[in-house]
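Hello,

Here is the structure we spoke about. My notes follow below it.

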Amino acid sequence: MAQDLDPIDYNIVRMLAEDARTSYAELGRKVGLSPSAVAERIHQLESAKVILGYRALLDEKAFGYSVMAFIRLTCDNTHYRPFLKFLPTIDAVQECHHITGGEAFLIKVRLASIDQLEPLIERLLPYGMPTTSMVLSTPVYRQQEAWLLRHAGLPARPRKK
């Protein structure tokens, strides 16, 4: 799908990934199109599911969620489906990935305090054996959009004049 995009589409997507609040007029100035032509291109990119949505990036710590942990969970066949039904009931879960290797799942959680971690782990015990790693810092953080655009073999950005 991304291979069908022309350089103008790539540049529109790149600029929206950097700042989704950029106006059609500003995008048009940068790619050489009218605001209405940019709006039509964006509508087509949305219809083609290249652009899935727009969002504000929020700092979890500003909302009081200062603890991040990853929990690896071993889970046998009898507990697999019940766990998948139970998992959405845990508000602290940000992501869950079904993975290869010794564990079945890798779960990213955000908590307001370390005191909330033990009860969370206890809730997982009926489904398997959890192994927890606390995040001390995040030396590399890349937004999905920025990483994707950098690695999708896109044409170079237009030069600023």
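Arg72 is partly exposed, because its relative accessible area is 23%. This is a predicted model, and everything below should be read as such. The side chain of Arg72 meets that of Glu103 in a salt bridge, 4.0 Å from N to O. The two residues are 31 apart and link distant parts of the chain: Arg72 is in strand S1, and Glu103 is in the loop between strand S2 (93-98) and strand S3 (105-111). Glu103 also counts as partly exposed, at 23% relative accessibility.

A second pair connects two strands. Glu95 and Lys108 form a salt bridge, with their closest N and O atoms 3.9 Å apart. Glu95 lies in strand S2 and Lys108 in strand S3, so this pair ties together parts that are 13 residues apart in sequence. Glu95 is partly exposed at 35% relative accessibility, whereas Lys108 is buried at 16%. Salt bridges with shared partners also join Asp6, Asp9 and Arg41 into one network.

Arg41 belongs to helix H3 and Asp6 to the segment before H1, so the pair ties together parts 35 residues apart in sequence. Arg41 counts as buried, with 19% relative accessibility; Asp6 is partly exposed, with 27%. Asp9 lies in helix H1 and is buried, its relative accessible area being 11%. Leaving aside residues up to four places away in sequence, Asp9 touches Arg41 and Leu45. The count of salt bridges comes to 7.

On helix H3 itself: its 13 residues (35-47) should span 18 Å at 1.5 Å a residue, and the end C-alpha atoms are 18 Å apart, which agrees. Which residues of H3 are buried? They are Val38, Arg41, Ile42 and Leu45. These residues cover an arc of only 100 degrees around the axis, which puts them on the same side of H3. They pack against helix H1 (7-18) and helix H2 (24-31). After H3 comes Lys49, which has a positive phi, near 65 degrees.

Last, the surface. Leu58, Phe63 and Tyr65 form a nonpolar patch there, with about 360 Å² of accessible area together. Leu58 is placed in the loop between H3 and strand S1 (67-74). Leu58 counts as exposed because its relative accessibility is 57%, and the cut-off for exposed is over 50%.

Regards

Note on methods:
Residues numbered from 1 in each chain as written. Predicted model: local features only at pLDDT ≥ 70, side-chain atom pairs only at ≥ 80, totals over all residues. Heavy atoms only, no water. Helix = DSSP H or I, 4+ residues; strand = E, 2+ residues; numbered from the N terminus. Expected span 1.5 Å × (residues − 1). Buried < 20%, exposed > 50% of the residue type's maximum accessible area, 1.4 Å probe, protein only. Arc of directions from axis to C-beta. Contact = heavy atoms within 4.5 Å. Patch = residues over 30% accessible without salt bridge, like charges linked within 9 Å, V, L, I, M, F, W, Y side chains within 5 Å. Areas by Shrake-Rupley, 256 points an atom, 1.4 Å probe, with all protein chains shown as cover.
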